[in-house]
Amino acid sequence: MKKRIAILGSTGSIGQSTIDVIRQHPDRFEVTALAAGSNVDDMVRQVKEFHPSLVSMSSKEAAEEVKLRVHGPIRVVYGEEGLGEVAAHPDADYLVSALVGSQGLQPTLTAIREKKTVGLANKETLVMGGAIVMEEARKHGVSILPIDSEHSAIFQSLHGENPSQVRRLVLTASGGAFRDWPREKMEKATREEALQHPNWTMGAKVTVDSASLMNKGLEVIEARWLFDLSYDKIDVLIHPESIVHSLVEFVDGAVLAELGMPDMKVPIQYALSYPDRLPLQTERLSLEKVGTLQFREPDLKRFPCLKMAYEAGRLGGTAPTVLNAANEVAVAHFLEGGLPFLTIEEIIGEVLSQHTPLHEPGLEDLFDADRWAREVAQQCLEKTF
Ligand SMILES: NC(=O)C1=CN([C@@H]2O[C@H](COP(=O)(O)OP(=O)(O)OC[C@H]3O[C@@H](n4cnc5c(N)ncnc54)[C@H](OP(=O)(O)O)[C@@H]3O)[C@@H](O)[C@H]2O)C=CC1
Ligand SMILES: CC(=O)[C@@H](O)[C@H](O)COP(=O)(O)O
Ligand SMILES: [Mn+2]
């Protein structure tokens, strides 16, 4: 039987790669619902190719435009409610969660409560609400399969292993666009420079997060929840080639890793086909061509965002939610232009310093903390400029 898939963020970088994987396996996968923001042209193309029965766009105007341009039995909805409908669609048994940012949390929880298997790209879901999301998944007997490349590598390395025999995880980081830049040069970094990721082509927000190493910080928190390990057992190594996608060290000293060319179709397909592996058209790894693989410790002085993420993770409660919200506000301003790159870390540090974390927060507490952090981040921006 075909797996019936709903995709949140189908027009984005992960969404389009998911569509590419599905296109390669029409006998295994079927698209039944799609959600995106404002990219009407790509959505119309996807609808004409895959004929989902439900589509959601971020605004009423975008939804009306899609409706005008497609034919056949399709319902077109919009907004937060629309995202919820796609996540809960009765014709889907699998949700690919690939929106960018905190807006991914609520619809991902909706899918879990409707007992859909979740392929998770939206790391902000676990950064904001890891404890609640994992508990809901356990309660409803739902699997959350990682799409993020590092977490997929760890998941693959853990296959058939006893999780209690893990000594530590090592997340690899490319180092981002400013890997070898001194702080004085980073101070003047432009938007275009931050968007030059050395190895991966991704959406703008995650690319800027890679440049500040906040992406790795968010991934450390994501790993803490996905693999139920303490922060003392999650390390980060800079690996400029992005060939070793992450590693697991076991108690006996054995280290297992997953390697490959940087192509998100590989972890996406594994999350869709798990526990099977399917053929995939992708560039093959040739270690003799790569030649040398380098590894080194991250420099937390040049990249304090990674340090702040560990600290917020260890504080727990609402602290990671606040870290995430402050980062989203600051990165959005950097991308709009006008905010110096290094001010991103200043804003996050300032917002965190004003926050007293609430322990064991409920979902509404998380949304309150998210709102509060955005307001304080905005005030910091207004004070600075
Ligand atoms: N890209 C990658 O290789 C990787 C990404 N990730 C994670 O996956 C997630 C997605 O990243 P990525 O694909 O790069 O991001 P993109 O920016 O490329 O895509 C984001 C998607 O979300 C949609 N969207 C944005 N705002 C709204 C809204 N208000 N309502 C509905 N849809 C909305 C966009 O729609 P539209 O374009 O139509 O406006 C788009 O489809 C992030 O959490 C990222 O950290 C993890 C590992 C790798
Ligand atoms: C492809 C992927 O998973 C991204 O999240 C990636 O991790 C970004 O690269 P770095 O954060 O290692 O620069
Ligand atoms: Mn990643």
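Colleague: Which helix is I14 in?

Modeller: I14 sits in α1, residues 13-24; helices are DSSP runs of H or I, at least four residues, and strands are E runs of at least two, numbered from the N terminus. This is a predicted model: local features need pLDDT of at least 70, side-chain atom pairs count only at pLDDT 80 or more, and totals for chains, interfaces and linings use all residues. Residues are numbered from 1 along each chain as its sequence is written, with chains lettered from A and ligands numbered from 1 in the order in which they are written.

Colleague: Is I14 buried or exposed?

Modeller: Buried, because 27 other C-beta atoms lie within 10 Å. The cut-offs are 20 or more for buried, 12 or fewer for exposed, partly exposed in between, with C-beta atoms placed from the backbone.

Colleague: What does I14 touch?

Modeller: Leaving out residues up to four places away in sequence, G9, A98, A121, I147, M264 and I268. Contact is C-beta atoms within 7 Å.

Colleague: And where's N122?

Modeller: In the loop between β6 (117-120) and α6 (124-140). N122 is buried, because it has 27 C-beta neighbours inside 10 Å.

Colleague: Switching topic, which residues are around ligand 2?

Modeller: Among them are D148, W200, K216 and M264, where near means a C-beta atom within 6 Å of the molecule. α7 (149-157), α10 (204-212) and α11 (214-226) each supply at least two residues of that shell.

Definitions and conventions:
Contact = placed C-beta atoms within 7 Å.
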